[in-house]
Amino acid sequence: MEKILGPIVMSELPLEVQKQLDEIEKSIAETQARFKDLMSPDEIKQLVVKFEAKRDKLLAQYGGQQGKTAVLAQRFWQQYPDVDHPEIIQATTSYFDYINNRFSLLNFQGLGFANQLPGRLKLRNLYVPLKVRPFLPEGETWPRQFVTDIDNHEPVEILPLFDDESGLVILGDVGAGKTTFLQYIALSLVNGEDVHQTVNGRIPLAMPLSAYYDELENNNISLYDFFVTYFDNLGGSLPFGQLFKEVVARGKALILLDGLDEARDARLRNQAVQNIVDFIALNKGNGNKFLITSRLVGYRQARIFADGVLECTLADIDELLGGRFIERWLLFVEQQEADGEAINREKETLRKQIWGNVALSRLASNPLLLTIMLMMQRQGLSLPHRRVELYHQFINTLIKDWNLARNPRNMPNTAVSDVLETMRTLGPLALWMEEDNPGAGLVQREDFRRELVNVFRQRKAENPTVEANQFLDDIKQFSGILVEREDQNIAFLHRSLQEYLAAWAIAHKGQNSVEPVVEFIASHIIDKTWWELLRLSVGIIGIVQQREDTAGIILSRVMDSSFGEGGIGLTLVGEMLADIGQSGVTVEVYDRILRHLFKALQDENDVSADWRVGIGQVIGRMNKWNTIVDEIQFCYVPSSDFYLGEQKYEQLVTVLDTPYWLSQHLITHSQFFEFVEDDGYKNPEFWVEAATVYRWRSGEVMDWERLGWRKEPHDYGYPFHLPNHPIVGVSYYEALAFTRWLEKRWVARGFIEPHWQVRLPTEIQWEKAAKGGLQLPQFPVEADVHLLIPVYDAFFEPLFDNSMPKRPFPWGDEPPLNHANFRHPNNQHFDESSNFGLCFSKGKSPVGCMDMSGNVWEWTRSLLRPYPYNPDDGRETMDIQLFHTLALRGGAFWSLEEQIRTVSRIGRSPNTRSDSIGFRVCVMVPNPPR
């Protein structure tokens, strides 16, 4: 045995290099100990990565990867002086190299686009730590409830479970990350990394159980004896089998058995389980640990019941963990420059696209499906609009490619290995489930089996019952698409897969004529629970089947037949078009539908307010209505007196003796993000007040302390983040910073004079624009920002008396049902923001401003003080403190009728943000020359 020099031994290393390595190991150990109770293992790993990189560089310089593994092998056997066989140390070194060579690179076979990925992607670069629930679900998988807490059982880290157990059975669906977890643990151990206190220092002894099953078919050999044989057959003349024996005898093994479910023969699986139980019983006493993986499907028929062995089930990926995976994907797969901010922006974009869509978030909970999603996004597929392509690839992967790439000998030679045949069988079943038990997503197993027999009978099978039973067993075993739940219910692995297969069956009705598809859509159009399937079915026709003409005919038929019925048909057609895009129909059909959508948006006679809002959302999804700050339109507010308040609070205000411009629309999401992307959150001159109250630091803002810092508006998801919707999720300080950025930009571009000001409106400026003054121009004067100077200089229009200077609503005194987005018993949808302006064109104020009632409350720069109004009582101060209360005006989508009147006002702290608070801007001309 070589002389020990600290924790690292390697006789051929120069003494100076050994000392450097010792110092590095010491730094790693000290960092891990210091932050053990303060950070997660993954966060600690990020801290020590620079030390590991330096260590690896030294080892590579003086012996490469083999030099590193030789050091670790010697370190392991140094603790056992009775082992003085150089060949054992050499076998250990070679075995460590084998694990590195076998598991270090990710295998994307079976994922459709593997040939378009970088050739050498390291598992340890992309891996994110998964969690488990330490028990089994009632059925073969969890009901997909999109919660991280099931029956109050939060997911926990895996390896700490070893503190009290000898073995863990890791269960999960297809693609849940079982094999990847085992490979990651093996790689970490053979590279000397800190894994967990009860696992550190062990040698991972890994074997696929499929190899054991092959041997069991002919010989009931014990697992121990087969392990020895398997290791001896790893290659070469080194004593790998003896290595296995020595490690197990000393209780330092972490036995990794992957794929308990891979035996098609139930007899073999039961025999293997019994042998595994015996193996654990004989070898756990001296401290060995065991990790076994299996799919949930069929596990209960051959469970591992052994003292000290815990069953646990992998938890779904949540949005936080998914965001971490996306971040690593961008860094290592997309090979972006190490620009943390750019990666973070792209990560947030993908996170919003995926977790902002219910159907995609269902799929993204599975690591395999999330990976496919990111691979397809890498090919230029826009998420989530082209979901049919995602689903089509998912189905191909789950039915054939994934299992075929990993275990080709075990795939059945039946219909389940043929994607088209499987679709023709599962499609009608999925559609039957949607019609028979809508929304439930599961049916009794026997009912499912009987319907499956009917499908085979309709397809003229020779023996429908036998073929149906065989198909059901195969599809569960080899694809994982179908799973059993509690109480003998059967379901699809993900609800989204059921919807896609049902949509495929609808699309299949149109193979010879569009009439069956049009009739099916017509019969289900009033039930919005069917819309996802109807949209997917047209997407399948236009995108997957590439029948653009047929898809266009179907959309045209639906639009023309239902346009006059409150807009429901056109809204559905718009959503279908937003899904499939311009490539799914002909150019003529696309342009024609788009024209109808814009026309319907302002059709307050034939299209109800509910559907106008829906159409606005569709246009926003299609990115056909982007707004930019340099095209903001303003309405001229002349200098005339006006009535503020009403009844006992009413007063004639005479202090607004200077005309001003108020933006016609609320500032939109896309406009505000020009400020974000122009580093508006970093410029201190925009954030003076926020910095004074410690709510701003370079690049970040805070609303409530418990919610932490952020670099952009809080994202409330769909539809609030659509580009044509008002920006929400911003505090007063963010709105104020935006106005300062805008003023600086417009002065530089010559849109406004240097002495003009861009501000939030005061409370009285807002209310005057909502009511109009005592006198008004004959018609509203509206102008884009780049025309403000010439229009202002040339404006000599005479003013006329305001016919309703005390109007209760901006448009007058008509009921607001068709004029504003607010809460009303007859409004089906009004529980969210709507696009700016055109949905409620009748709601225009007398000066031309839109959406001054409802939609979202609007920040003003005035403190909320009681009437009568006194401009000198401090309410117009710019020294806004956190304890102040600012006035907001206009009401929101959740407001009742009395809260959207021109006089309605509420107060909020300046650091408040919500999904129902936005703002508009005012351009003022101080001390005009005329």
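Predicted model: local features only at pLDDT ≥ 70, side-chain atom pairs only at ≥ 80, totals over all residues.
Is Glu 575 buried or exposed? Its relative accessible area is 11%, and buried means under 20%, so Glu 575 counts as buried. And what does Glu 575 touch, once we leave aside its neighbours within four places in sequence? The contacts are Trp 531, Arg 535, Val 618 and Arg 621.

Now let's step back to the whole chain. The protein has 930 residues, and 59% of them are buried. Its secondary structure comes to 30 helices and 26 strands. If you take the contacts with a separation of 6 or more, 73% of them join residues 24 or more positions apart.

On to the nonpolar cores. The largest one has 198 residues. Which residues have the most contacts inside it? They are Tyr 95, Leu 205, Phe 227, Ile 255 and Ile 304. Helix α19, residues 495–508, gives the most to this core, with nine residues. There is also a second, separate core of 52 residues, and Phe 673, Ile 727, Leu 863 and Val 921 are included in it.

I'd like to stay with Phe 227 for a moment. Not counting residues up to four places away in sequence, Phe 227 touches Leu 205, Ala 206, Met 207, Phe 244, Ile 255, Leu 257 and Phe 279.

As a reminder, two packed helices are described by the angle between their axes and the distance between the axes. Helix α8 (residues 223–232) and helix α10 (residues 266–283) have axes that come within 9 Å and cross at roughly 90°. The cut-offs for roughly perpendicular are 65 to 115 degrees, so α8 and α10 fall into that class. From α8, the contact uses Leu 223, Tyr 224 and Phe 227; from α10, it uses Asn 275, Ile 276, Phe 279 and Asn 283. By type, the α8 and α10 contact has five nonpolar residues, two polar and no charged.

Helix α8 has another partner to show you. Helix α7, residues 209–216, packs with α8 at an angle of about 110°, and the axes are 11 Å apart. These two helices are therefore roughly perpendicular as well. Here α7 brings Ala 211, Tyr 212 and Glu 215, while α8 brings Leu 223, Phe 226 and Tyr 230. This contact of α7 with α8 divides into five nonpolar residues, no polar and one charged.

Let me finish with some strands. Strand β8 (residues 442–444) pairs with β10 in the antiparallel sense, over three bridges. The bridge partner of Val 443 in β10 is Ile 490. Which way do the residues of strand β10 (489–492) point? Asn 489 and Ala 491 go one way, Ile 490 and Phe 492 go the other way, and all are buried.

Last stop: an open sheet of three strands, in the order β15-β16-β17, with antiparallel pairing. Why is one side of β15 and of β17 left without a neighbour in the sheet? β15 (696–697) and β17 (709–710) stand at the edges, so each has a single partner strand. Between β15 and β16 (residues 700–702) there are two bridges, and Arg 697 stands opposite Glu 700 in β16.

Terms used:
Residues numbered from 1 in each chain as written. Heavy atoms only, no water. Pairing = 2+ DSSP bridges. Helix = DSSP H or I, 4+ residues; strand = E, 2+ residues; numbered from the N terminus. Axes fitted to C-alpha atoms, helices over the stretch in contact; angles between N-to-C directions. Parallel < 35°, antiparallel > 145°, perpendicular 65-115°, else oblique. Contact = heavy atoms within 4.5 Å. Nonpolar A, V, L, I, M, F, W, Y, C, P; charged D, E, K, R; others polar. Core = buried A, V, L, I, M, F, W, Y, C linked by side-chain atoms within 4.5 Å. Buried < 20%, exposed > 50% of the residue type's maximum accessible area, 1.4 Å probe, protein only.
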